[in-house]
Amino acid sequence: MRRRMIDTPTPQDGVVPMPARGPVWGPPCPQHALVLDGNDVLDCWLAETRAERNQGLLGTDSLEGALWIRRCSNVHTFRMRYAIDVVLVRRDGRVHAVETLAPGRFSRPRLYGLDTVELPAGLARTLGIVPGRVLTCRRLPDADACGL
């Protein structure tokens with residue numbers, strides 16, 4: 001058997017890696033909640049550092065929740081395996097724009113956007129996230145116990 005530089009299970013070994021339910025750089029469970037007009041609606045991961053923003057959802061097979069990306073006015077879905085909803089949030093917390101991106105696409109850069117929220121495709125419509133609504137991200141009180 002040939003040695004690999006990184007010893008990770010592969011389908012050839014008979015072991016299929018478990019798909020990530022959120023960003024590969026983040027904690028195993030979300031530490032934040034996505035808040036729409038004052039109501040918690042979804043679990044949320046928060047990308048604040050440059051490394052977290054650059055990695056985003058790359059390397060994931062799906063997203064169960066939301067990814068809030070600070071200081072980001074456009075995203076891409078190159079090297080992604082699934083479509084996402086992209087929500088652009090203004091400085092005042094109001095939704096500026098919502099669009100669905102298929103893999104291999106760029107979102108349109110927007111002048112008024114401060115943060116971007118990525119959701120599974122179609123979920124923004126299901127939750128009623130439309131321009132003008134207020135969207136925020138809040139830390140969960142038991143976030144430090146995540147993964148213990």
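Student: Where is Asp-37 found?
Tutor: Asp-37 is in the loop between S1 and strand S2 (39-47). Strands (E, at least two residues) are DSSP runs, numbered from the N terminus. This is a predicted model, where local features need pLDDT of at least 70, side-chain atom pairs count only at pLDDT 80 or more, and totals for chains, interfaces and linings use all residues. Residues are numbered from 1 along each chain as its sequence is written, and side-chain values use heavy atoms, with hydrogens and water left out.

Student: What is phi of Asp-37?
Tutor: Near 50 degrees, a positive value in a residue other than glycine.

Student: Is Asp-37 buried, exposed or partly exposed?
Tutor: Asp-37 is partly exposed, because its relative accessible area is 37%. Buried is under 20%, exposed is over 50%, and partly exposed is in between (1.4 Å probe, protein chains only).

Student: And what about Arg-71, where is its place?
Tutor: Arg-71 sits in the loop between strand S3 (66-69) and S4. Its phi is also positive, near 50 degrees. Arg-71 is exposed, at 52% relative accessible area.

Student: Switching to the sheet. What is the strand order?
Tutor: S5-S4-S6-S3-S2-S1-S7, seven strands in an open sheet with mixed pairing. Two strands pair if DSSP finds at least two bridges between them.

Student: Which are the edge strands?
Tutor: S5 and strand S7 (135-139), each pairing on one side only. The twist averages 30 degrees from one strand to the next. For that, axes are lines fitted to C-alpha atoms, and angles run from 0 to 180 degrees between N-to-C directions.

Student: How many bridges between S1 and S7?
Tutor: Five, and the pairing is antiparallel. In S7, Arg-139 is the bridge partner of His-32.

Student: Glu-118 next. Buried or exposed?
Tutor: Buried, because its relative accessible area is 3%. Glu-118 belongs to strand S6 (residues 115-120).

Student: What is Glu-118 in contact with?
Tutor: Leaving aside neighbours within four places in sequence, its contacts include Leu-57, Leu-63, Ile-69, Val-75, Ile-84 and Asp-85. Contact means heavy atoms within 4.5 Å.

Student: How many cavities of 30 Å³ or more?
Tutor: One. The largest cavity has a volume of about 60 Å³. A cavity is a set of points on a 1 Å grid over the protein atoms alone where a 1.4 Å probe fits but cannot get out; lining residues have an atom within 4 Å of a point.

Student: Which elements give two or more residues to the lining of the largest cavity?
Tutor: Strand S4 (84-89) and strand S5 (95-101). Among the lining residues are Val-86, Leu-88, Val-98 and Glu-99.

Terms used: 1 Å grid on protein atoms, 1.4 Å probe; cavity = no way out; pocket = protein on both sides within 12 Å on 5 of 7 lines; lining within 4 Å. Points joined across faces, edges and corners; volume = space filled by probe spheres on them. Helix = DSSP H or I, 4+ residues; strand = E, 2+ residues; numbered from the N terminus.
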